[in-house]
Amino acid sequence: MAIRTFNLPDPGEGLVEAEIVEWRVNVGDTVKVNDMVLEVETAKSLVELPIPWAGTVTEVLVEVGQTVDVGTPLIRIDDGKGGDEAPVAPAAEGAAAEEKQDAILVGYGAKAGATARRPRKKPAGMPTHGGSAPVNPRRPPAPAMELTAPTETEQIAETPAVPEQTVPEPRVESPAPPVPSASAVSVPTGERPKAKPPVRKLAKDLGVDLTQVVPSGPDGVITRDDVQAHASGAPGAVEAEAPARTAPATSAANGAAAAGSAAYGTTFGTGEREVRIPIKGVRKMTAQAMVGSAFTAPHVTEWITVDVTRTVELVERLKADREFRDVKVTPLLVLAKAMILAIRRNPGVNATWDERAQEIVQKNYVNLGIAAATPRGLVVPNIKDAHAMTMRELADAIGQLTATAREGRTQPAEMSQGTITITNVGVFGVDGGTPIINPGESAIMALGTIRKQPWVVTAPDGTDEIAIRHVTQLALSFDHRLIDGELGSRFLADVAAIMEDPSKALVWG
C-alpha cells in the first residue's frame, strides 16, 4: 500500500498556524478526492480542508483544540495503489507539486508566481510513522487547558544546545503556570488523558474536563460512554480518578481554592470560580486590530438623536412589496443606503490616512463594512462596491454577508479593503456607543435601538404638539487627522436627514 500524509497547507495572508476545530473523519473511514476531512480556524476565519486523494484513513495525527504550524502532518491516507510510503511533505517536483497545489486552503487560492517549498529536514528522533504526531521542537503542542503561550524567542531560548556527537529526542518544555492564589483553581499538571479526537470533541461540547473522567477503554483510553457517564453525574467518577492525576502541589491549591469559595461565596453555576479562555484565532486578531486603531487614529465621536418614524414606515412597506418578498428588510438597510448617499455629498469621509506616503487617500467607491458578532469574536466583512447597488441588491448582500459571518465562514478577502463601517448595537437593546474605527478606515457609524418616545412634532401650520414617535440615536466616530469637525458633522447630519425623511434620497440620489 502507499501511505500519503496530508500536511497543513499555507493559507497565505501572513498566517503561519491554525487550530484544529473539528474532524469530519475517523480512522478506517473511506474518503474521496476533495472530501472535507477537517475544519481549522486561522486568525481570520474558519476554513474547511479537502483531502487531495482518495483512500482509507489510517491515522489522525493531531487532536481537536491543538494549534499547529503550516506544514504539520495532519492525517495519513492509504490510497490503495501499493508501493512505498509517499513523502510526508509535498516536494517541488512531479506529482508532489500537484499535490501541494491541491492542498491549498479553500477560499484562498494559489499565489501568482508562487514556487514550491523545499521539503523540511526532520531533526533526528522525529517519528515519521506511528500513532502520535511529530513534535515540533520550536512550538510545543497546546496542552489540554492552555494558560499562556511563550513567544517563539522564549521557546528557542529554552531549548538546550545539543552536542554534535549526540542526537537526543527534541526537548519540549511546557509554559510555566501562574502562581496559584486562594481564589484560583490550578490546572492539573499530570499526564494528558488518552482519548480519540471525536471523544475530545464530545467532551468539549458537553463541558467535561477529561482529566476528571475515569477511563474504561484498553490502556487507559477514555471512551464516548465514559464522557457521557461523567456528564450525567455518575457517582464516584471524579473521586476515583482525580487524585491519581493531580500533583500534590495542585491538590493543595485546589484545597485553597475550595476554602476561598467557602469564604467568598458560591459560583454562578456548579463549576470552578474562574475560567480561563485562551486568546487566539479571530478574537486575538480583533483585539490586536482594535488596540492598534485606538492608539493610532485620534478618535472623535459625535451623536445625534433622530425621529425615524418615516423610516420604520418605509421598512414596513418594503416588507409587503413583491420586490422585497424574499429578503430581510430592516432599518439597517435604510441606514446603509443613507450613508452611501451622504458619502457622495461628503466624499472626504470615505478616505484613509497613508502615514508612509504622508497622503490622504480618498476612495471614489464604497466597500461598506457590517460589524457582525460571532461565537468566535467580532468580524467586519464588507460589501464590495456597495455604491453601485440598488436597494434590493444591497439587501441581498447584507443578508448573505451576515449569514456567512454567523456561520464563521467569512474569508479574509471579504474583510479586507473596507472603506467605512456600520455597527448595529441596537439589536442588543443598546441606545448607542462610541465605536472604534476599523483599521484601514476613517469612520464608523453606530445605530442604536429604535424606541417609541414622546417627541415634539411641528405641524405644517407651525404649531408644535407632542406625539409618540420612533426615535433612535446615531453615533459617528471618525479619524480627526483627516476628518475635521465640520466634515464629520455635515456627514452625520445628512445621514440623519435621510433617516428622518427617506424621500430626500430621491433628491440627493
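Predicted model: local features only at pLDDT ≥ 70, side-chain atom pairs only at ≥ 80, totals over all residues.
Trainee: Where is the place of proline 9?

Mentor: Proline 9 sits in the loop between β1 (3-7) and β2 (17-23), and its C-alpha atom is separated by 6.1 Å from that of glycine 71, although the two residues are 62 apart along the chain.

Trainee: In what order do the 4 strands of the open sheet come?

Mentor: As a general idea, strands of a sheet pair through backbone hydrogen bonds, either parallel or antiparallel. Here the order is β5-β4-β2-β7, with antiparallel pairing. Because β5 (46-50) and β7 (67-69) stand at the edges with a single partner strand each, one side of each has no neighbour in the sheet. From one strand to the next, the twist averages 40°.

Trainee: How many bridges join β2 to β7?

Mentor: These antiparallel strands are joined by 3 bridges, and alanine 18 stands opposite valine 68 in β7.

Trainee: Which residues touch the most other members of the largest nonpolar core?

Mentor: They are Leu474, Phe491 and Val495, in a core of 51 residues. Elements that each supply at least two residues include α8 (309-320), β21 (464-479) and α11 (485-500), while α9 gives the largest share, 11 residues. Leaving aside residues up to four places away in sequence, valine 495 touches Leu335, Ala338, Met339, Ala342, Met445 and Leu474. Another core, of 22 residues, lies apart from this one, and among its members are Trp23, Leu38, Val40 and Leu49.

Note on methods. Residues numbered from 1 in each chain as written. Heavy atoms only, no water. Pairing = 2+ DSSP bridges. Axes fitted to C-alpha atoms, helices over the stretch in contact; angles between N-to-C directions. Core = buried A, V, L, I, M, F, W, Y, C linked by side-chain atoms within 4.5 Å. Buried < 20%, exposed > 50% of the residue type's maximum accessible area, 1.4 Å probe, protein only. Contact = heavy atoms within 4.5 Å.
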